[in-house]
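Please keep the sequence and the structure in view while reading.

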Amino acid sequence: MDSGGDLTYLRRAIGLAARSRAAGNHPFGALVVAADGEVLAEAINRSVPGKGDPTGHAELEAVRTASAAHPPEALCAATLYSSAEPCAMCAGAVYWSGIGRVVYGLSEARLLALTGSHPENPTLALPCREVFARGQRAIEVIGPLLEDEAAAGHAGFW
């Protein structure tokens with residue numbers, strides 16, 4: 001995918017994060033896109049720690065949906081677009097799904113600066129690149145991109 005396509009899909013993920021926030025959830029969104037541009041799955045965040053399933057991160061939801069409906073050979077050429085850098089849990093899901101590429105907006109470090117010690121977002125200081133580096137297959141990672149746009153959806157939330 002060219003960088004113009006990457007930015008288009010990343011903005012779509014940022015838009016999903018805005019939808020998530022409008023629905024009363026944490027402001028995160030993600031989608032999985034095939035190499036030919038077909039959107040295989042998209043998701044908003046469904047996780048509110050202490051109030052239901054804490055694993056309902058947008059990235060994990062999108063990976064689950066894409067993995068259930070598409071074969072591994074399609075996923076290895078697919079890209080996960082996420083409004084924020086995938087956490088360790090979501091990076092693990094990307095790895096195990098076979099998705100070959102990740103493009104994200106807001107870095108984990110910038111997210112931590114925005115959320116501070118908010119109890120609903122106890123971030124892990126573990127970049128997705130470090131998680132992927134421990135695996136047996138390469139995953140291309142691009143990001144942070146459009147970080148100010150991605151951060152705007154968090155303004156006043158935390």
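R137 lies in the loop between α6 and β5 (140–142). Helices (H or I, at least four residues) and strands (E, at least two) are DSSP runs, numbered from the N terminus. R137 counts as partly exposed, at 26% relative accessibility; buried means under 20% relative accessible area, exposed over 50%, and partly exposed in between (1.4 Å probe, protein chains only). Leaving aside neighbours within four places in sequence, R137 is in contact with V94, Y95, G98, I99, G100 and F132, where contact means heavy atoms within 4.5 Å. R137 and G98 are 39 residues apart in sequence, and their C-alpha atoms are 8.9 Å apart in space.

The model is predicted: local features need pLDDT of at least 70, side-chain atom pairs count only at pLDDT 80 or more, and totals for chains, interfaces and linings use all residues. Residues are numbered from 1 along each chain as its sequence is written, and side-chain values use heavy atoms, with hydrogens and water left out.

## Helix α4 and its cover

Is helix α4 mostly covered or mostly uncovered? It is mostly covered, as eight of its 10 residues are buried. The buried residues of α4 are A88, C90, A91, G92, A93, V94, Y95 and S97. Their cover includes α2, α3 (72–75), β3 (79–84), β4 (101–106) and α6 (128–133).

After α4 comes G98, which has a positive phi, near 95°. The C-alpha atoms of G98 and A74 are separated by 9.0 Å, although these residues are 24 residues apart along the chain. A74 has its place in helix α3 and counts as partly exposed, at 25% relative accessibility.

## The packing of α2 and α4

Helix α2 (residues 58–69) packs with helix α4 (residues 88–97) at an angle of about 15°, and their axes are 9 Å apart. Axes are lines fitted to C-alpha atoms, for helices over the stretch in contact, and angles run from 0 to 180 degrees between N-to-C directions. The angle therefore makes α2 roughly parallel to α4; angles under 35 degrees count as roughly parallel, over 145 as roughly antiparallel, 65 to 115 as roughly perpendicular and the rest as oblique.

Which residues of the two helices meet? E59, L60, V63 and S67 in α2 meet M89, C90, A93, V94 and S97 in α4. By class, this contact has six nonpolar, two polar and one charged residues. Here Ala, Val, Leu, Ile, Met, Phe, Trp, Tyr, Cys and Pro count as nonpolar, Asp, Glu, Lys and Arg as charged, and the others, Gly among them, as polar.

## V94 in the nonpolar core

The largest nonpolar core has 45 residues, of which V32, L80, Y81, V94 and F132 touch the most other members. Such a core is a set of buried Ala, Val, Leu, Ile, Met, Phe, Trp, Tyr and Cys residues joined through side-chain atoms within 4.5 Å. In soluble globular proteins, nonpolar side chains tend to be buried together. Not counting residues up to four places away in sequence, V94 touches V63, L80, I99, V102, F132, R137 and I139.

I44 is found in strand β2 (residues 39–44) and is buried, with a relative accessible area of 9%. Beyond residues up to four places away in sequence, I44 touches L16, R19, S20, N25, F28, G56, A58 and E61. I44 and L31 are 13 residues apart along the chain, and their C-alpha atoms are separated by 8.9 Å.

A18 belongs to helix α1 (residues 3–22) and is partly exposed, with a relative accessible area of 47%. From A18 to I99 the separation is 81 residues in sequence and 24 Å in space, C-alpha to C-alpha.

## The loop between β5 and α7

Both P144 and L146 are found in the loop between β5 and α7 (147–152). A cis peptide bond, with omega about 5°, joins G143 and P144. L146 has a positive phi, near 50°, and is a residue other than glycine. Most residues other than glycine have a negative phi, and most peptide bonds are trans.
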